[in-house]
Amino acid sequence: MKKNGLTLVLFLLLGLLAASIVSGLLTPVDAAAFFLRSTSINWHPAADLNFLKYDFLIEIKLNIVSLIGLAAAVWLYRKL
C-alpha cells in the first residue's frame, strides 16, 4: 500500500471508528468512566446566496479512548 494523504485519512477514520466501538463496549464499566468523558468540537458552515443554500455540520467527539485510537492509527500508518 502506498503512503499518501488518502491512506493517512483512511487510517485516521478507521482508528476513530475502532475507538468508538471500544468506547461503546466500555460504557457499562464504571471504572472506565474517566476514559469515556468526551468533549465536542463543532464546525457548522452555512450560507444562503438566494440561488444556493447550504447547511453543513461536522461534530467530533473526542475522549481519551479516541485519542488512543488516533495514536494507534498514526503508529500503524508509520509502520506501513
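**Pocket and packing**

Guide: H1 gives the most to the lining of the largest pocket, with five residues. This is a predicted model: local features need pLDDT of at least 70, side-chain atom pairs count only at pLDDT 80 or more, and totals for chains, interfaces and linings use all residues. Residues are numbered from 1 along each chain as its sequence is written, and side-chain values use heavy atoms, without hydrogens and water.

Visitor: How much space lies in the largest pocket?

Guide: Rolling a probe the size of a water molecule over the atoms shows where empty space is left. Here the largest pocket holds about 170 Å³.

Visitor: Which residues line the largest pocket?

Guide: Among them are Leu13, Leu16, Ser20, Ser23, Ile60 and Lys61. H1 and strand E4 (58–62) each supply at least two lining residues. By class, the lining has four nonpolar, five polar and one charged.

Visitor: Is Ser23 buried or exposed?

Guide: Buried means under 20% relative accessible area, with a 1.4 Å probe and protein chains only. Ser23 has 12%, so Ser23 is buried. Ser23 lies in helix H1. Beyond its neighbours within four places in sequence, Ser23 is in contact (heavy atoms within 4.5 Å) with Leu36, Asn63 and Val65.

Visitor: At what angle do H1 and H3 pack?

Guide: Two packed helices are described by the angle between their axes and the distance between the axes. Helices H1 (residues 5–26) and H3 (residues 64–79) pack at about 145 degrees, with axes 8 Å apart. Their crossing is right-handed. The contact of H1 with H3 has twelve nonpolar, five polar and no charged residues.

Terms used. Axes fitted to C-alpha atoms, helices over the stretch in contact; angles between N-to-C directions. Helix = DSSP H or I, 4+ residues; strand = E, 2+ residues; numbered from the N terminus. Left-handed = near helix turned anticlockwise from the far one by under 90°. Nonpolar A, V, L, I, M, F, W, Y, C, P; charged D, E, K, R; others polar. Buried < 20%, exposed > 50% of the residue type's maximum accessible area, 1.4 Å probe, protein only. 1 Å grid on protein atoms, 1.4 Å probe; cavity = no way out; pocket = protein on both sides within 12 Å on 5 of 7 lines; lining within 4 Å. Points joined across faces, edges and corners; volume = space filled by probe spheres on them.
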